[in-house]
Amino acid sequence: MASDRYPFRELEAKWQGTWEARKEFRVAEDPGRPKFYCLEMFPYPSGRIHMGHVRVYAIGDVLARYKRMRGFNVLHPMGWDAFGLPAENAAIENGVHPAIWTHENISYMRNQLKQLGLSYDWDREITTCEPAYYKWEQLIFIRMLERGLAYRRRSRVNWCPSCQTVLANEQVEAGRCWRCDSEVTQKEVDGWFFKITKYADELLEWCERLPGWPERVMTMQRNWIGRSEGAEVDLPVVGRPGLAVRVFTTRPDTGFGLTYAVLAPEHPLVDKLVADGGERAAVERFRAEVARATEIERLATDRPKRGLRLRARVVNPFTGAEVPLFIADYVVMAYGTGAIMAVPGEDQRDWDFAVPHGLPIVETVARPAGFRGQAYTGDGTKINSGFLDGLSVAAAKRKAIEWLEANRLGEGKVNYRLRDWGISRQRYWGAPIPVLYCDRDGMVPEKEENLPVVLPENVQISGKGGSPLADVPSFVNARCPRCGGPAKRETDTMDTFVESSWYFLRYCSPRYEHGMFERAAAEYWMPVDQYIGGIEHAVLHLLYARFYTKVLRDLGLVKVDEPFIGLLSQGMVIKDGAKMSKSKGNVVDPDDLIRTLGADTARLFSLFAAPPEKDLDWNDHGVEGASRFLNRVWRFTLAHVDELRQAVPARADALSDRGRAFRRSVHETIDRVTADIENAFHFNTAISAIMELVNELHAFEAAPAQEPRQERPALMREAVETLLLLLGPFCPHIAEELWSVLGHAESLFRRPWPRADSGALIREEITVVVQVDGKVRSRLTVETGARAEHVTALALADDRVRPWLASRQVARVVVVPGRLVNIVTHAT
């Protein structure tokens, strides 16, 4: 074996084969051991992994290997989020069936992941497009339907009139279809929903009970749920007895500043309020303009707000005054009642609309001195508000609600931004919804014994005309499960977020045939101890998985309230100032990197270049530096292998001063690396500590030998073995090979994680910082436990300190034992 360069191609393949043959990472429930469930978000099989994949899977692998060495029974699985629109697009563009495209991609990507040396239990691999998987979510759909948690209603969707199909928001680009560039419109269609709003309060409450989640993610989830307390208020329509516009407001105290009201353009009341054909035509034109924008664009605070004034007017119930009524793009049906009472004095969006429309602005809260030119949203004393004058905002809110309820003009109300989860997709490549429509019995769920409802493969996918399933008679035409008569199957498929909302449970018993999962296995492994994935999934996937877990709990299938104890959201991989993407031409192909420098180098750089939660700025020189470091470890170990293998352990209490100092640095490294992995995922600083240990090794080896003859090889062997154990989770192939070279028959990863010897960490001498008036002027080396008087005397006599005292008088000296001396002076 050559000793100058680490032969990564040969040895990485060797150890990957060895681990697979030994089933090194296969795991089973063991009640006698503590468990650790480590999970990275599973990938969509798009065809090839990218460096973002390498980073997130390397992070998970470090934790999994580390915890295994700490004695935990570690579950570390992998699978494929295999349904989704890209497979349909590939079918349209390349004429290949989505199932073939998907499974070919899975095969290629599985091989790529194995080349990274990841410690997955591949026996637990799952693929969500398999009927054996989605059968169980079809069963849960039926259970939810029985309990009113799944229901069907009409909703507005993005519609391409040219392709004759529904588009997801991400398929709408600047108001046009991504495929044919036609102008996208809004259309109402029937669709299926999960009642996530029933769990809104519990989802919000548990945001405060997940300390292992980043606060940034929790804030995003709180905002998405968007709980707001306020009131619903009825605004009578002038001249239309019995007809009123019901609005929701979080600021009922501002009612005296209501100077106009706004309906969402799609609000059903609009059609009842239009006066004649001319106004109706104007309304339809405005609706068509608004339909070109997504809801997110309409709600953007920096976007000009457009509106159309209706002839109808409404009454401000607080003042009795008639005020104008508008339809405007910045009000949407998805929040509150789809109507607002506009108070431009205290709401910036209303201010931004009122000013260009010349509408009155009434201030109802006293402003701080000098505040002008915008809405005031802060606290203060109520003014211009009748019976609310003089009150604080909070007190005025309560009194306004009491007044509305007493006069039967409104009521206190809690609202949520969260909306029920629309799971219908008018596309092919997804799990069929297990429902049929019978002329006699109406909508009927499929019988459980008939599950799964299997997705047919004999389809023609054109991308036009809605779901391709509607054109498959053998699928659509079926028998009613209730009466046996002719029926039609539902042709919508489920949102792919449904599959990813429970896959972590299926990993617990992936081959179990009598249910979603074996209950005993789920009770052993769940919840996931550490979940790892991108911040882009902070809301939808994570919120849906939390909701689905609570539904399964309420169905009696699991005992846990939450699926994930800890969450790590890793940053992106950046190159040339932008996220890696094919369109920008800045992609680094992991295959090329593994082929030229090896998987351990790819892993090491991705873990060393930045803390995991930060973006990683790709640097070719840094990658080469990682490779040089590994070759340095390789060369040193092989150069001393005979000496290391023959070493006899030395007594710690008989070491020379130099030997004690070196051994102390070894055990300080154990302490640092353990703390960095265990407490804060600071893999970059852990690797830095390992690199410093390698420097210490070289320095110790190069220095003239002064210690007893047997001490040097013994200490070097302890240091090298510690180095390999610490390096193993980061760079498993080189660590495993060198561990074997040292004569160990058992895998390095079956050895316990090293523990720092507390005796070795004791320092007989320590370094104390000396400050003069808070500024560092020198450092002293003193004996551990030296008295304060002795340390003070040394500090005052130090040659680097004395010039700073020459023209000043010492007022006092503060000694922090073992750390610093601060000399406080004043002018003489």
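I'm counting a residue as buried when its relative accessible area is under 20%. The model I have open is a predicted one.

**Salt bridges, overall.** I searched the whole structure and got 63 salt bridges. I picked out a few to look at.

**Lys575 and Asp576.** I found their side chains paired in a salt bridge, N to O at 3.7 Å. Then I checked accessibility. Lys575 comes out at 17% relative accessible area, so I have it down as buried. Asp576 is at 65%, so that one goes down as exposed.

**Glu737 and Lys14.** Here I get a salt bridge with N to O at 2.8 Å. I looked up where the two sit: Glu737 is in helix α24 (residues 732-741) and Lys14 is in helix α1 (residues 8-22), so this bridge ties together parts 723 residues apart in sequence. Glu737 has 3% relative accessibility and counts as buried, while Lys14, at 36%, counts as partly exposed.

**Arg663 and Glu718.** I noted another salt bridge here, 3.1 Å from N to O. This pair also links distant parts of the chain, 55 residues apart: Arg663 belongs to helix α21 (residues 657-680) and Glu718 to helix α23 (residues 711-727). I have Arg663 as buried, with a relative accessible area of 14%. Glu718 I have as partly exposed, at 23% relative accessibility.

**A network.** Glu202 is linked in a network of them with Arg546, Lys550, Arg553, Asp554, Asp561 and Glu562.

Key. Residues numbered from 1 in each chain as written. Predicted model: local features only at pLDDT ≥ 70, side-chain atom pairs only at ≥ 80, totals over all residues. Heavy atoms only, no water. Salt bridge = Lys/Arg side-chain N within 4 Å of Asp/Glu carboxyl O. Helix = DSSP H or I, 4+ residues; strand = E, 2+ residues; numbered from the N terminus. Buried < 20%, exposed > 50% of the residue type's maximum accessible area, 1.4 Å probe, protein only.
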